[in-house]
Amino acid sequence: MVASLISNCDPRLDQAACDVGNGAGYVSAVMWFIVLVPQLFRNHQRRSVEGLSVLWATANATASICNLFFVFSIQLPLYVRIMAVYMPLLEVGMLVQFFVFSSTVSLRRRVAYAVGTVAIWVVVVVVGFLGGHRGTEVLQWCAVALWCVECIPQLILNVDNHLRGADQV
């Protein structure tokens with residue numbers, strides 16, 4: 001069996017559970033890449049982020065930045081480390097697209113939102129670097145909380161677009 005599929009498994013778990021769990025993790029890492037990269041290209045081609053929630057993207061990017069500190073503070077499988085690196089990069093790229101392509105939001109509001117978001121990220125980085133073990137634990141719980149609610153703004157936007165008849169976006 002591939003060593004990376006059995007690394008970091010709880011010794012109390014059955015080998016098959018480790019294989020399935022780690023295999024699913026690798027599939028998830030690939031699927032997120034397959035979903036996000038084409039979305040970034042599509043946004044760029046259309047010069048639009050219409051149909052996407054900036055709150056979803058912000059929560060996802062912030063959670064991924066929080067996760068970076070936790071992932072590299074303990075021994076985790078390779079796919080977790082790979083995702084921890086590429087996810088924030090792709091998600092921050094999407095937020096840059098929101099800043100550049102959002103034609104319905106004034107430049108002043110976009111700048112204010114960007115400044116607020118970067119301020120939050122500065123706090124995350126300070127906690128990550130200076131908070132020690134307790135700081136990384138707090139950041140991981142922040143990431144979990146953000147990932148638990150991140151889809152809510154996107155779902156609300158989807159329902160709103162559908163009710164307005166804009167579900168072809």
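## Helix pair α4/α5

Helix α4 (residues 78–101) packs against helix α5 (residues 107–130) at an angle of about 160°, and their axes lie 9 Å apart. α4 is therefore roughly antiparallel to α5 (over 145 degrees). The contact (heavy atoms within 4.5 Å) uses V92, L95, F98, F99 and V100 of α4, and L107, R110, V111, A114 and W121 of α5. By class, it has 9 nonpolar, no polar and 1 charged residues.

## Basis of the model

This is a predicted model: local features need pLDDT of at least 70, side-chain atom pairs count only at pLDDT 80 or more, and totals for chains, interfaces and linings use all residues. Residues are numbered from 1 along each chain as its sequence is written, and side-chain values use heavy atoms, with hydrogens and water left out.

Y86 touches A29, V30, W32 and F33, leaving aside residues up to four places away in sequence.

## Cysteines

The whole structure has 0 disulfides (cysteine sulfur atoms within 2.5 Å). For C66, the nearest cysteine sulfur is that of C142, 5.3 Å away. C66 is buried, at 2% relative accessible area (buried is under 20%, exposed over 50%, partly exposed in between; 1.4 Å probe, protein chains only).

The sulfur of C148 is 9.1 Å from its closest cysteine sulfur, in C151, too far for a bond. C148 is exposed, at 55% relative accessibility.

Note on methods:
Axes are lines fitted to C-alpha atoms, for helices over the stretch in contact, and angles run from 0 to 180 degrees between N-to-C directions. Helices (H or I, at least four residues) and strands (E, at least two) are DSSP runs, numbered from the N terminus. Angles under 35 degrees count as roughly parallel, over 145 as roughly antiparallel, 65 to 115 as roughly perpendicular and the rest as oblique. Ala, Val, Leu, Ile, Met, Phe, Trp, Tyr, Cys and Pro count as nonpolar, Asp, Glu, Lys and Arg as charged, and the others, Gly among them, as polar.
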